[in-house]
Amino acid sequence: MASHYGKVIKMKDGKFLTMAIESSCDETSVAVLADGRTILSNVISSQIEIHTQFGGVVPEIASRHHLNNINAVTEQALSDAGVTMDDIDLIGVTAGPGLIGALLIGVATAKAYALAKKKPLVGVHHIQGHISANYLQYPELEPPFLALVLSGGHTNIIYVTDYNKCEVLGQTRDDAIGEAYDKVARVIGLGYPGGPKIDKIAKEGNPHAIEFKRVMLEKDSLDFSFSGIKTGVLNYVNTERQAGREINVADVAASFQQAVLDVVVTKAMKAAADRDEHRLVLAGGVASNSALRAQLAAACAKRGIALYVPDPVLCTDNAAMIGCAAYYMYKAGEVSDLTLDAVASVPL
Amino acid sequence: MYLLAIETTGPQLSVAVINSKCEIVEFTGEPGYNHLTNLAPMIDEITRANDLDLSAVSAIAVSAGPGSFTGIRIGVSTARALAQSLNVKAIQVPTLMTFAYHVPDYRGVICPIFDARRSQVYGGAFFWNDEAGEDAPASERIFEIVRSNAYALEDYLKMLNQALKMSGKNEFMLFGDGVAPYGPKVAEWANENGYNFYDARLLLGNPEVNAALRPSSNLQAASSVARLGLDMYKEGCLLEYGQLEPIYMRQAEAERKLKEKKEAQ
């Protein structure tokens, strides 16, 4: 028997098995891990096509689809891993942050499994999950290191001191980076999802055609602000349209992206210098962005910083990363009880 | 044999267990919307307190809606996951019909209405059919004379008027969280049309009221979900966990708007 990962399926075989559930936004995902770092299965059911017609994720519709999908996704994850629910030693679930209606499907389901099968339960912070994706990609990776978490809901520079300990060095004060991509994509008529669409068309544009303002905030700050650049793009587009000039979508996309990436790369390098840290891991859906990967890699190479970038499947919202985080939390004695709640917003 | 019943569609969370002799235990939470936090612990408590092993449950009955979308999803996703992991069937209990079991000896019409916002109610109307025997299936013992759905109040009352006339009934009892906002209008309408009208809230636990008129609750309650669930269980109305669907009775707002937009084009 072969799994989706092309390896021979490992039956329980003395391994510690974690089953994890992720449903914080528009992906319903369930994974099974062996000993916290080996993926036996990682099934992801994406709703992106459903939400595209609405121009973004609609929470009520996301919640309805999570409910419809989650049990079959679980069944698939167990069967791909070649195990049954009885074999599972630990259940991990994203408890927040995210869309509350979406999260609660995962949390209610995980709690019911834990109750029915008398299994320990761990509620996981979604960002902790994204960071942990790197442990799955890089078996030798251990804390401490610096993490850059970039997604539709998050923009953080984090100093990871241990598997369960970290310090947030910087975060966005308004829009998340992925949110800025989505909004700008809408303004220039590219539609949803903005990230991959801008990334693609930007390759054909001139990144210095329009010099959008790089918002660096206070001199020593590692925080971000992306609402200004969205307004900048909107103003530019309106001015051009009023003057009867046609905008070059590729140039606007490339220039916007360059302005954002200049800020991100500068701040990431500053954080590395501040902490004298030579390892940087990338996490979150925006980590799949090709321009970001290239520019960050170049900047890191210049400074002798090792850059860790998970495969796109581990950058997107997925349950394997949640399972890894849950495993290390459990090992550290952090267990949730059946009162575990879903929370829309929660500090790391 | 026992069933677990879950009720999360309204403002008050409750769970119940019922055996084949129709003996019931019900646990009810404090009023307030914290169903996700409390549901799993309450299931754990009710089974432990009654020396029941959850793995020995025969089926999971869940109040599937209508009601709060979030509440419905907490109940249904919990029921699906329990049925899946315990390898038992699920019972999709229609929430409005459970109110008939609040007043099993009442022979007037039972009218649950929930506040559905946007000037609508989720409503239905039911009565107990005297001619059906105790052992007849629920579908023959309870007549649904106004189809459960989302209605503007005026439309609901129009349907109720026809149904009352057709069935030769002249009194009804009103239940649900729709009574607070819409009760006065319904009372006025009942007066104008010469119907006797009872507000379930005023009859609760009132010792001066005839026992047949005394409801067990004026809101959703798991004990009634359990009773209807048991009747459905006996009738064989059993689903695989994957077939257990919520009964929303309304599209998502964004879907409705998209449809309107497409139709306008």
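**Entry 1: the sheet in chain B**

I started with strand β7 (residues 120-128) of chain B, which 8 bridges join to β8(B) in an antiparallel arrangement. I looked up one pair here: Tyr122(B) has Ala150(B) of β8(B) as its bridge partner. A note on terms: helices (H or I, at least four residues) and strands (E, at least two) are DSSP runs, numbered from the N terminus, and two strands pair if DSSP finds at least two bridges between them.

Before going on, I noted that this is a predicted model, where local features need pLDDT of at least 70, side-chain atom pairs count only at pLDDT 80 or more, and totals for chains, interfaces and linings use all residues. Residues are numbered from 1 along each chain as its sequence is written, chains are lettered from A and ligands numbered from 1 in the order in which they are written, and side-chain values use heavy atoms, leaving out hydrogens and water.

Which order do the strands take? I read β8-β7-β6-β9-β10 (chain B), an open sheet of 5 strands with mixed pairing. β8 (142-152) and β10 of chain B are at the edges with a single partner strand each, so one side of each lacks a neighbour in the sheet.

**Entry 2: crossover and helices on the sheet**

I then followed strand β9 (residues 171-175) of chain B, which runs parallel to strand β10 (residues 196-199) of chain B and is joined to it by 4 bridges. Between β9(B) and β10(B) the chain passes through helix α5 (residues 179-192) of chain B, and this β-α-β crossover is right-handed (with the strands pointing away from the viewer, the path from the first strand over the helix to the second runs clockwise).

I also checked what α5(B) packs on: the helix touches β6, β7, β9 and β10 of chain B, and its direction makes about 165 degrees with that of β9(B). Contact here means heavy atoms within 4.5 Å. Angles run from 0 to 180 degrees between N-to-C directions, and axes are lines fitted to C-alpha atoms, for helices over the stretch in contact.

**Entry 3: a helix pair between chains**

My last stop was helix α3 (residues 100-117) of chain A, which packs against helix α1 (residues 35-49) of chain B at an angle of about 15 degrees, with the axes 10 Å apart. That makes α3(A) roughly parallel to α1(B) (angles under 35 degrees count as roughly parallel, over 145 as roughly antiparallel, 65 to 115 as roughly perpendicular and the rest as oblique). Among the contact residues I found Leu104(A) and Lys111(A) of α3(A), and Ala40(B) and Asp44(B) of α1(B).
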